[in-house]
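User: Please take a close look at the core of this structure and explain it in plain terms. Please also put that part in the context of the rest, and give the cut-off behind each term.

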Amino acid sequence: MAIPGNAEYEVPHGRQQTVLAVLLLEANRVVSIGHLIDAIWEDDPPATARTQVQICVSKLRNSLVEHGLGETIVTKPPGYQLNVAPGQLDARVFAESVGAADALSREGKPAQAAEVLARALALWRGPALSGVRGRIPEAKAIQLDESRLSAIETRVDIELRLGRHHQLVGELSTLVAEQPLRERLRGQLMLALFRAGRQAEALETYRLGRELMIDELGLEPGEELRRLETAILAGEVADVEAADALAKPPPARPEEADVPVPFQLPADVADFTGRAELVARAERLLLGPDGRHATRVVVLLGKPGVGKSALAVHVAHRLGDAHFPDGQLYCDLGGHRDQPTRAVDALGRFLRALGVPGEVIPEHADERAEMFRHLLARRRMFVLLDDAADEAQVTPLLPGSGKCVVLVTSRARLTGVAGAQALDVEVFGHDEAIGMLSSVIGPRRVAAEPAAADALVRLVGRLPLALRIVAARLGARPHWTLAWMLERLSDERRRLDELAHGQLMVRASLALTFDGLPPQARKLLGLLGLLDTPSFPSWVAAALLDADYLAAADLLELLVDAQMVEVAALDVTGGPRYKLHGLIRLFAREQLEHAEHADLRNAAAGRVAGGWLALAEAAHARVYGGDFTVLHGTAERWRQPPSYAARALADPLGWLESEQENLCGAVALTAECSLDELCWDLAVTLVTLFEARCYFEDWERTHRLALDVARAKGNSRGTAALSCSLGSLYLSRGRLSSAEAELEPALREFELLADTHGLAMVRRNLALLHKARGDAGGALERFAQALTGFRAVRDLIGQAHVLGQIAQIELDRGGLREARTHLDDALAICREVGNRRVEVQIRYRLAELMMHDGQCEQARQTLVELLRAVREGGDVVGEARILRRLGQVNARLGHPDIAEQLLAEALGVCEQTIDRAGADDIRADLAELTARSAG
């Protein structure tokens, strides 16, 4: 950071350096105190951490003032912001210069681009953040150092094109010595040496690099470096455009946005081989010439198992941050599944990833698409849509800006997507297939049996999925020869003969591995075919088999070794999560249909759904402080090991959200198997998630599925519970007629069943309906009935919620004493059970009561505490409401400046979340405040 007069400022080592580094890394943005604590102490902060951070910041602030920088660090809830002016921070100047150089390069001004990059690189004085310790700054330092190296490589590439190879040899020799495993630098040195007439030295540079890579990494050099060596041997470097292949200058990074930067891409395939021409063509089409206003769309087409998804993910990672710095969005559209992902649901996921709270996401697909296009209008993002079913699924997911690109994989041509460029993905060529085999089992084994390798590749039809499975079996058994593998395949020739017949190619290839599995592993794989979710934890296997947890986990690992199941990620408990490739899931379902009866399948499905219900039920109890405001059925639960449940539910609401797709999938599975009692119980238990995180579509979809099953099976209590819950949904969305149509039949059903708890729930909802229609008398009557019912079944949170609603009616009528009595009772209940969410709602109403009663200072203090609570919980909508109320309180207290600041902050939150109605209300408050000040 520039100091007036070019003076130097020595920051004391330790915490002050770390705090300053983190604030500079987030310059002009608020850094929370919690983030600073994590940066200093990581996982073991002392009890006085917050105070120590405040002391550090105070010392830094005073030091910066002494050095002529003024009030650079300002306090902004929930932490601090370090403000820098344009041109004051070297890292920003460097990034801007790199962007300017890229623009000059694109304009055909390479010499000027090289000069700008040279000036940018001159800003560096050594490694980034040298001497600063800690996981957070060290991770950022790695990124900054990588940006420097990338800029050096880009400048060298430009100067090579300008014919300055003689001047570059010395510099590149030093750089390669410092970064011996960096292939791009090594390739540039080889190119400079060759063009300087030093062909032997260029080849020696390659040889030394190859030996180092094999010794250090066990890997051969990359394809670009190998091509360059071949071209140098042939004396034809210019013909293969090696410099272009080795150095693609990244485009300028736009100014940092206020929205999150999502990185949703799945992991790249570690041993991805072949497809060089397709990769290059896809990249050319996606990057293309500048100046286009329409979004570039490329569609990868091909039959199942041909490797479209792996190719798409590989291309996306290659382009990555360098070309699309504002992030990557990914969605598996599930075109091969029974129920593909709807565009409206994919848009919902994308909007959440872009920072839009669930409550402000529109209901309809066209409104979501409009919001999505608006958010991406000025951003450079990569969107990967995997396994698209048709044009209707893809079109709403297209950004409207030429700065973004979309890569789609599909079995259909998608000719209806305007401007889409199609690339056909065929089976491997022979050399590519041999390359894949070599990458998995090692080149020595292939070279030792070339004839067997050729025959093996032909036998599996050069289909990537089939070849990878067979190669994995060989890789897991180093004592097998390729000839023995070939003989084993020949024994199953009747099935392998079908490899030339489309879908049967995959079926036969999978059967090769499946038939070699132990019986229990085959049974597990078949039962896994019941699942239609992205990933699952290991307890699911134990539930499917009704087996020991660790024994089932061992079977899963056996399936992983056989390449029939993949490890997807780590579970929240620290254990692995697994997934099935879509085609393998279909194959598994076929095996299940051949081997099991419907009652056995239903029993397995019931155990898995019972496992999800047990965890969801426990999560609800942790969120609410007990099993309150929810109805349960009599379905049997399947219990995970207590240690697993304890770890998984440490953050119960976070766990519910992380398993959203699995939980909703379990509802669909129980509906498919007509397990009505499990189905309705799980659906209504999930309202804890749906309501807290505004998953309204999932709420309605799961309940409609469960309602159909409950009605078909004559399950009257389940039907009533689901209708009551749907009534809550429609009330929250302002659909009063729909709510009434659900609640009235539910009331009659619960009356016939004499179900006290159910009656209390539905009467509470009917009271809310009366209140929404302005019928305070009718609402109070229903609330009184509900309160009696909740007391009879000891549903404490049900009581607290009803008391809060009665208090609001009394407050609106001017009955302050009655309102306070009800709110005090409700607050005591919340504190007794530890329900923070409802407590915040009650205390918010208490603050309103204080304002009515003239206790504005007490109201202000209460609201400040509530603001801290909602920020800690990530409740952005609640934050805006409390900021607005704080602004109103400060206006009444005679602090118009503070009131204006708080209202402006609330307005900013509303604008960030695209809450137009909330923003209009706050603008009206600001206008009233201005008029009052003027008067």
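Analyst: **The core and its setting**

The protein has 46 helices and 11 strands. Helices here are DSSP runs of H or I with at least four residues, strands are runs of E with at least two, and both are numbered from the N terminus. This is a predicted model, in which local features need pLDDT of at least 70 and side-chain atom pairs count only at pLDDT 80 or more, while totals for chains, interfaces and linings use all residues. Residues are numbered from 1 along each chain as its sequence is written, and side-chain values use heavy atoms, with hydrogens and water left out.

Along its principal axes, the C-alpha trace spans about 95 × 80 × 50 Å. A compact globule of 935 residues would have a radius of gyration near 30 Å, and the 32 Å of this protein agrees with that. The radius is taken over C-alpha atoms, and the globule rule is 2.2 Å times the number of residues to the power 0.38. Of the 935 residues, 51% are buried. Buried means under 20% relative accessible area, exposed means over 50%, and partly exposed lies in between (1.4 Å probe, protein chains only). The protein exposes about 41,700 Å², and carbon and sulfur atoms supply 50% of that area. Accessible areas come from the Shrake-Rupley method with a 1.4 Å probe; for residues, only the protein chains shown count as cover. Among contacts with a separation of 6 or more, 66% are between residues 24 or more positions apart. A contact means heavy atoms within 4.5 Å.

Now the part in question. In soluble globular proteins, nonpolar side chains tend to be buried together. A nonpolar core is counted as a set of buried Ala, Val, Leu, Ile, Met, Phe, Trp, Tyr and Cys residues joined through side-chain atoms within 4.5 Å. The largest such core has 154 residues, and those that touch the most other members are L524, L525, L528, L544, L559, W655 and L656. Helix α29 (residues 598-624) gives the most to this core, with 11 residues. A second, separate core has 36 residues, including L121, A151, L172 and M213.

Leaving aside neighbours within four places in sequence, W655 is in contact with V572, W612, L615, A616, A619, A648, L649 and L663.

L689 sits in helix α34 (residues 687-692) and is buried, with a relative accessible area of 1%. With neighbours within four places again set aside, L689 is in contact with L653, L656, E657, Q660, C694 and Y695. A619, already named as a contact of W655, is 70 residues from L689 in sequence but 9.5 Å from L689 in space, C-alpha to C-alpha.

Charged pairs give a second kind of link. A salt bridge is a side-chain nitrogen of Lys or Arg within 4 Å of a carboxyl oxygen of Asp or Glu, and the whole structure has 36 of them. One joins E283 and R318 at 2.5 Å, N to O. This pair links distant parts of the chain, from helix α13 (residues 276-287) to helix α14 (residues 308-323), 35 residues apart. E283 is buried at 3% relative accessible area, whereas R318 is partly exposed at 38%.

Another salt bridge joins R701 and D345 at 2.9 Å, N to O. R701 lies in helix α35 (residues 696-712) and D345 in helix α15 (residues 343-353), so the pair ties together parts that are 356 residues apart in sequence. R701 is partly exposed at 31%, and D345 is buried at 18%.

The bridge between R932 and E928, with closest N and O atoms 2.8 Å apart, is a local one: the two residues are four apart in helix α46 (residues 916-934), about one helical turn. R932 is partly exposed at 47%, as is E928 at 45%. Elsewhere, R155, E159, R164 and E171 are linked in a network of salt bridges.

D387, in strand β6 (residues 382-388), has a positive phi of about 60° although it is not a glycine, and D387 is buried at 11%. R794 also has a positive phi of about 60° without being a glycine, but R794 is in the loop between α39 (776-792) and α40 (796-813) and is exposed at 57%.
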